[in-house]
Amino acid sequence: MVCNIRAFTLVIIAALYVSFSARAGNYVPVVMDPPAVEREFRGAWVATVGNIDWPSKPGLTVKQQQDEFLAILDRAVKLHLNAIVFQVRPACDAMYSSKLEPWSGYLSGTMGAAPQPFYDPLEFAVTEAHRRGLELHAWFNPFRAALLPAKMPMSSNHISHTHPDWVRKYGTMLWLDPGEKKVQDYSLRVVMDVVRRYDIDGVHFDDYFYPYKEQDAQHRDLEFPDEASWKKYGAGGKLSHEDWRRENVNTFVRHVYESIKETKPWVKFGIAPFGIWQPGYPAQIKGFNAYNVLYGDSRKWLTNGWVDYLAPQLYWAIAPPDQSFPVLLKWWEEQNPKHRNIWPGLDSERVGGKWAAFEIINQIKTTRELSGSSAGSIHWADHTLMSNRGNLATELENGPYSAPALIPSSPWLEKKAPGKPKLMVDGHDQVNWQPAAFDKISAWVVQTKANGSWRTAILPGDARHQPLTDSPEIVAVTAIDRCGVASPAMVVKRSDAK
């Protein structure tokens, strides 16, 4: 009975919207397709480890922390970015309220100390990002436990105290051993705790799985100390030590992906591996071998569909052949049988030093040429854009990011499009709309045609109206769901327009 009443109410509301649209606004529904809107992922990494991007230093007041983060978000909006990748777990610590891990010392200067007066930085970040129409991806370091020497004491509830048997000292870091099943289960639990409790749009890992090589005083490479977990696997195992390490990472990545999809299918899972899978792939490529050092088989994650997007860190210029940006990007595009999104990481931090801004601008153009409607990239790091290093932010704003863009869709996550929105125009001054039924909307595309020209605005999912200028002849509103799938456009035309 309740469902029938709600359905009847929706029918009445829809009828009123159509009636009001034709009567008060002199606009009538028409069947047509408005111009296609550009699709491109435009993200920036906001690193918290070492206070790289946020907060600028430990011990700021809550208001100072919040003001700094709002400035990051407002700058993103001005640049027509559409996503922030926010580091919430630098080293088994938390930039959010957690019962599993201590508050990060990068906030207060003391590990384990909550912000005073209390607020939850991740909850704040999600709310304020969504208010501005930005996606918020939570960035985790799954196995890094601490940087040494520690600038602040580890709190009593840090993993190095609660489970020292899981922790390995390796050079200048403490590291969780990925070969321990309990470690994998623990890190998965940390990730899923955030997925369940926060309205994030994505989970993100960078290139750290097993660590980069550390050296001793004689500059000899140190071996990662995982003898105990390797011994548990057993000498009779079928895998070599190296293949076993890779399989530990593969198993963890697959479990993270599957767990996210079982819980919130619309939450995207992305990884930003080292940009070269292995030297020689393709043939001209030389450089670091992440496959043999970090034990990250990133091509396997992509080909098996264990990620929704891959962001290989292509931190090289276009021209040099040994690590050519377009050659590597094209190779990654060719390793993608399940058609996941590939959004490379760009080393924007080099601008103003080794590179001029045009290098990044041309790399963005290259991603568009190679990736089409699934183009995108992520800038390392946000402070580069905030400081307008090398005039890059200005060049982006006036060039490739001069108009807003929708994030490319992930159709494997959602095949059903949201319903056509209900629309009315209040005189010639404002357009108002409501979502169809109970669709969860992440963004609205509002397009108007006046004096022969189209204008496009992309608004947050909670928006319900937009002022109009120039008495447009045509108004179109399209709903975009959490997976980037677009509804049919609701289009109305001014009754006196030709």
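Modeller: Helix α6 (residues 181–197) lies across β3, β4 and β8 (202–205) and runs at about 160° to β4. This is a predicted model, in which local features need pLDDT of at least 70 and side-chain atom pairs count only at pLDDT 80 or more, while totals for chains, interfaces and linings use all residues. Residues are numbered from 1 along each chain as its sequence is written, and side-chain values use heavy atoms, with hydrogens and water left out. Helices (H or I, at least four residues) and strands (E, at least two) are DSSP runs, numbered from the N terminus. Angles run from 0 to 180 degrees between N-to-C directions, with axes fitted as lines to C-alpha atoms, for helices over the stretch in contact.

Now the sheet itself. It is open and has 9 strands, in the order β11-β10-β9-β8-β4-β3-β2-β13-β12, with parallel pairing. Two strands pair if DSSP finds at least two bridges between them. At the edges are β11 (341–342) and β12 (345–346), each of which pairs on one side only. In general, strands of a sheet pair through backbone hydrogen bonds, either parallel or antiparallel.

One pair can be followed in detail. Strand β2 (residues 41–46) joins strand β13 (residues 376–379) in the parallel sense, over 4 bridges. Within this pair, Gly-43 stands opposite Ile-378 in β13. Another helix, α4 (residues 121–131), also packs on the sheet: α4 touches β3 (83–89) and β4 (135–140), and its direction makes about 150° with that of β4. Contact here means heavy atoms within 4.5 Å.
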